[in-house]
Amino acid sequence: MANVDMIGIRKAFGASVALDDFTLNIASGELVCLLGPSGCGKTTALRILAGFEKADRGEVRVEGRDLANEPPEKRLFGMVFQDYSLFPNMTARQNIDFGLKVQKKSATERTSIIDRMIEVTALQEHADKFPHQMSGGQKQRVALARAIATSPRVLLLDEPLSALDAKVRETLRDEIRRLQLEIGVTTVFVTHDQHEALAIADRVGVMSNGRLEQLAPPRELYENPANAFVAGFIGTVNRLAAIGRSDGRWDILGRTVPGNRPAHEFITDVAAIRPEQLAIDPVTDGGASVVSVSFLGPITRVIIEDVQYGRVFADIISADASGLAPGQSVRVRLRDDVGEIVLIGEGE
Ligand code: ATP
């Protein structure tokens, strides 16, 4: 277990800046997901951490010690990649054994570790198979077992589930988290899948254009996004105008509520309102009409055209949405249980 610090990292490839003043502090035993759109610099951050790439500027520290002169193999990190990267001519057992041999562990110790790894990754029936005889999910279990067998100081996972189908992804995602908590290894998990990140991370780092936009626990990221990019990237969000009052509160969607920053009279800002924070009343003069109604199981997504706010997305508990139909005249309002709104605009 080790704490990891990336401090003021810059990395450019020619004219393309992959990381720009990138700082990330990870506590010992924590699982941090780096999340962001394609090309935002996630993999570059991971490769610099692993030592495969050298930063132009900045420092990487593990337990406070600068790793500048430590080659990848000396860092004692475990790595799992999207494409498994198993040795094709070795069985699952031999793949797991590889790093243990490099560490010059005794035969008895190696057997005991391999048996335990096979057990925790549920590979008992596949231990003597070669990679081409295994499914994608099984191969990724072997890669995971191989990575953690050596008791790495830090575990780095680069899109480890991207090549797998949805069901296997979900199961393996939960298994990775269970194992990570069990062995307590500090972990960085790169993904572009927000559901994956929100489901397993202690904290999620949202990146864009080589910068860390926000690093926060999943719930905080969702409920209190730091800016418009994070609000728009995580889940669905309505960007709706809020009008300031002299008492510091905001007028929005028929209610007067406090915000995450105080209002001034007559200023307008943009509030990030989640679809589930809205209610719909079927009235004849509500200034809005239903565009579409999509049943999604427990909730129903309703798209509304509002004369004041424009196109609005609302998620209604399906039991309450059965009477809604396209073309119907409605009023959209902020639900009564919304105590505070999040402002993400610049203010005017
Ligand atoms: P993805 O989700 O698509 O894998 P990413 O967030 O992991 O994207 P990176 O692979 O870190 O992004 O790339 C960040 C930027 O740096 C991109 O613009 C990419 O084109 C560029 N880049 C990365 N590696 C190299 C390289 N070896 N040579 C030139 N440019 C590179």
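Visitor: Which residues are around the ligand?

Guide: This is a predicted model, where local features need pLDDT of at least 70, side-chain atom pairs count only at pLDDT 80 or more, and totals for chains, interfaces and linings use all residues. Residues are numbered from 1 along each chain as its sequence is written, and side-chain values use heavy atoms, without hydrogens or water. The residues are Phe13, Ser16, Ala18, Pro37, Ser38, Gly39, Cys40, Gly41, Lys42, Thr43 and Thr44.

Visitor: What is the distance from an oxygen atom of the ligand to an N or O atom in the side chain of Ser38?

Guide: Polar contacts here are pairs of N or O atoms within 3.5 Å. A polar side-chain atom of Thr43 lies 2.8 Å from a ligand oxygen. A polar backbone atom of Cys40 is 3.1 Å from a ligand oxygen. For the side chain of Ser38, the distance is 2.6 Å.

Visitor: How much of the ligand does the protein bury?

Guide: Areas come from the Shrake-Rupley method with a 1.4 Å probe. Taken alone, the ligand exposes 640 Å². The protein buries 57%.

Visitor: Which element gives the largest share of the shell around the ligand?

Guide: Helices (H or I, at least four residues) and strands (E, at least two) are DSSP runs, numbered from the N terminus. Strand 2 (16-26) and helix 1 (42-50) each give two or more residues to the shell. The largest share, three residues, comes from helix 1.

Visitor: Which residue in strand 7 stands opposite Met79?

Guide: Strands pair if DSSP finds at least two bridges between them. Strand 6 and strand 7 (residues 154-158) run parallel, joined by five bridges. Opposite Met79 stands Leu156.

Conventions: Near = heavy atom within 4 Å. Polar contact = N/O pair within 3.5 Å; in protein donor to acceptor, adjacent residues only side chain to side chain.
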